[in-house]
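Have the sequence and the 3D view ready.

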Amino acid sequence: MLRIPMATLAAAIPVATAWASCRRPGAGRRGRTFFAARSSSSSSADDRKALFGRVAPVYDQIMDVFSLGQHRAWKRDCVSWSRAKRGDKVLDLCCGSGDLAFLVSEMVGLHGEVMAVDFSGQQLQTAARRAEQRWKPCYGNIRWIEGDALDLPFEDCDFDAVTMGYGLRNVVDKPKAMEEIFRVLKPGSTASILDINKKSLFLIQSWVVDNLVDICARYGYGLTEEYKYLKHSISEYLTEEELEKLAQDVGFSSAEHHDLAGGLMGNLVATRSS
């Protein structure tokens, strides 16, 4: 009988987001700022946006169940590798329901800034609601922005660090997304990107998606169609060597991939030269 490490279950769940477009700012309370998104010309992008929106209300429950809460430790590692510090301005790209943004906010403190970008308005609404429910003074430094990972609405060299959790795998043009991350980073700054680790364990990950996740999604949450997408996104993702090469190709001076959860997860740390 095939024995599956409990940490492997987390490989089936990471759903973050990346596409739509933004340009026009609007203000909200407690530092919440939303950019109105123009309509996408891609039906595929629209379909994925709708899919991730449907997942938003139960995303955090699913992550906790399938990772046994371990995803919190991986996200802390991701933020730590970003080298964000007090007073920094940080971009959390594909922020989803806000876990990384909250951690970054606590790290940069009251005088820092966090721009939390996602293509799904439903995910952003969930994140903003969670921020209000678990309110800390530093969360006032977070702006929730509906935006496009391939066309970020920020100036060149605007951020002291970038974090991204389970988002790069879902972007339709990964080189372009990496170019945008490089563009908005200040010289000497670091991007920290957490996602599935595609290596020899891929067959186990596929087995989990085909069996355990499908059963749980279908009977536990009624999300059968939503999680059919996962297997494809995992199979099309990059290996650690490909991720390091991609970062270097767009201009990062160093790129190192770190194993997490016994190799089931991975974190790319890419630094722009000073």
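A nonpolar core, as the term is used here, is a set of buried Ala, Val, Leu, Ile, Met, Phe, Trp, Tyr and Cys residues joined through side-chain atoms within 4.5 Å. Keep in mind that this is a predicted model.

With that in hand, look for the largest nonpolar core, which has 33 residues. The ones with the most contacts inside it are Leu91, Leu93, Phe154, Met178, Ile181 and Phe252. Which helices and strands supply at least two residues each? They are β3 (89-93), β4 (113-118), β6 (159-165), α6 (174-184), β7 (185-196), α9 (240-249) and β9 (265-271). The top contributor is α6, which gives 5 residues.

Now zoom in on Phe252. Leaving aside residues up to four places away in sequence, Phe252 touches Met178, Ile181, Phe182, Leu185, Ala191, Ala247, Ala270, Thr271 and Arg272. There's also a second, separate core, this one of 27 residues, with Ala84, Cys95, Ala116 and Tyr166 among them.

Next, follow α9. Its buried residues are Glu240, Leu243, Leu246 and Ala247. On the face of α9 turned away from the buried side sit the exposed residues Glu241 and Asp249. After α9 comes Gly251, with a positive phi near 125 degrees.

Methods:
Residues numbered from 1 in each chain as written. Predicted model: local features only at pLDDT ≥ 70, side-chain atom pairs only at ≥ 80, totals over all residues. Heavy atoms only, no water. Buried < 20%, exposed > 50% of the residue type's maximum accessible area, 1.4 Å probe, protein only. Helix = DSSP H or I, 4+ residues; strand = E, 2+ residues; numbered from the N terminus. Contact = heavy atoms within 4.5 Å.
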